[in-house]
Amino acid sequence: MNTNNTTIEATGEPLATSDVLIVGAGIIGLAHAALALDKGLSVTVIDRDHLAVGASVRNFGHACITAQSGELYELAQNGRKHWLAFARRAGFWAAESGALVVAGTRTELAVLREFAAARPPGQITLLDAESVRSRLGREDTAGILGGAFLADDLRVDPRTTVGTLAAWVDAGPGGRVMFNTAALGFGSGTRRTAAVHTSRGRLEADQVFVCVGHDVDYLFPELAAGHKIKRCTLQMTSAQAPAGTRIAEAVLTATSMLRYAAFTEVPSAEALRNEVSQQAPELLEIGANLMFTQRPDGTLLLGDSHAYHATADPFLAEDTTNRLLRAAQEVLGAGDLHLTERWQGIYASSEVAPLFIKDIGPGITAVSVTAGIGMTISFGLAERNLASL
Ligand SMILES: Cc1cc2nc3c(=O)[nH]c(=O)nc-3n(C[C@H](O)[C@H](O)[C@H](O)COP(=O)(O)OP(=O)(O)OC[C@H]3O[C@@H](n4cnc5c(N)ncnc54)[C@H](O)[C@@H]3O)c2cc1C
């Protein structure tokens, strides 16, 4: 069994058995759990924490479907219907909001025009400055030349989605979620194919999915090193929205166009990178993807910067927050925003590939999304991974 130093022999009766066992109650683990229950399988989910507080609650809640490319675009589109269905069934908030890309220069508009031309009619609508202004609830169009509406994108509320989905899994027939239960090692079972040795005892299942996000290196250091997995740390803030502001869409800007694959594939992408490096080097220096979403309670989620480490640097640079805040205020055409929270998000990142899917041993598969799009592709990826069960 290729589990590095986490293999443990099973003796005695297991604490519990199920068809499927999921380690990690973030969105990747829960999407696998929810779709496995739908197949009529019994499912146990464990999480080492008392509630999920990983990447899945720290993000924008943006299913950024349109801006994906290739295999990831397919996974994102395939997951869309599941997001909407589980929002209804489990009772979490989801909106077919689309995304708004704000363009402030001719080069940004060129990228959007080329992107729209490459996609089916109706998926991307080019907007004039006045439409962008009105969608942002701004009073003027200063700094805005136009933009685009990406119709397929969805939004959920990141603070509440995984908690609600975990409760739904736990309440469903055949479902069980055990918090404060850490996976410590893996091996073969005596009753079922695979065993997970946890801080509460041994659990067995025919299929185990280890969905521990960026902490995959804690359990499988050699495999993680082979995939060059790093922790990407992101600085985020929340702020009170300017009075009366209701923005339905996830809002993206020029630096977003430098980060999401589908934008980077169009002919004008290189010109845009050069332009941003001249006009906003302070944003490129912090790896910014200047974007925001508005939660159902009206709060704005603002971000974000990107830095890459093996072990996350816990110290948040005030200067990074200030650069992002100034840029967000410009897009919103607002005065000073009143910050209400700051936090650090962490996700798994790899220059090798955006997906880390490894068979650890009989019936044990590690699954980590090694790019910042786990919300977007979670259900599509789970559907694909469960297809053979
Ligand atoms: C600031 C930020 C913004 C982002 N924005 C977006 C976005 O808008 N759209 C998008 O698609 N993606 C976004 N992402 C990426 C997305 O959030 C992640 O890809 C996704 O949440 C990863 O989900 P996960 O379930 O793998 O990890 P997590 O949500 O981190 O969950 C992993 C869980 O595993 C548990 N765990 C770890 N080790 C063990 C163990 N040994 N035993 C038991 N349990 C364990 C942890 O407690 C945790 O609850 C963003 C990420 C960040 C940080």
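Biologist: Which residues does UniProt give for the feature "domain: FAD dependent oxidoreductase"?

Modeller: The UniProt record, an unreviewed entry, puts that feature at residues 19-383. UniProt positions follow the numbering used here, feature names are shortened, and annotations may be inferred rather than shown by experiment. Over residues 19-383 the chain is 35% helix and 29% strand, with the end C-alpha atoms 16 Å apart. Helices (H or I, at least four residues) and strands (E, at least two) are DSSP runs, numbered from the N terminus.

Biologist: And the ground rules?

Modeller: This is a predicted model, where local features need pLDDT of at least 70, side-chain atom pairs count only at pLDDT 80 or more, and totals for chains, interfaces and linings use all residues. Residues are numbered from 1 along each chain as its sequence is written, and side-chain values use heavy atoms, with hydrogens and water left out.

Biologist: How is the chain divided into domains?

Modeller: Domain bounds come from an automatic or database domain assignment. Here domain 1 takes 1-96 + 154-227 + 352-389, and domain 2 takes 99-151 + 229-350. Their C-alpha centres lie 29 Å apart.

Biologist: What area is buried between domain 1 and domain 2?

Modeller: The size of an interface is often given as the accessible area lost when the parts come together. Buried area is that loss (1.4 Å probe), summed over both parts. For these two domains you get about 2900 Å², with carbon and sulfur atoms giving 54%. In contact terms (heavy atoms within 4.5 Å), 35 residues of domain 1 meet 40 residues of domain 2.

Biologist: How many salt bridges are there between domain 1 and domain 2?

Modeller: A salt bridge needs a side-chain nitrogen of Lys or Arg within 4 Å of a carboxyl oxygen of Asp or Glu. The count between the domains is four. R295 and D157 also form a salt bridge, at 2.8 Å from N to O. On the side of domain 1 that touches domain 2, the elements giving two or more residues are α2 (55-58), α3 (70-91), α7 (216-219) and β20 (364-369).

Biologist: How many salt bridges does the structure hold?

Modeller: The structure holds 21. One pairs K81 with E383, their closest N and O atoms being 3.6 Å apart. Since K81 sits in helix α3 and E383 in helix α14 (residues 374-386), the pair ties together parts 302 residues apart in sequence.

Biologist: Which peptide bond is cis?

Modeller: The bond from G303 to D304, with omega near -25°. D304 lies in the loop between β16 (300-303) and β17 (307-309).
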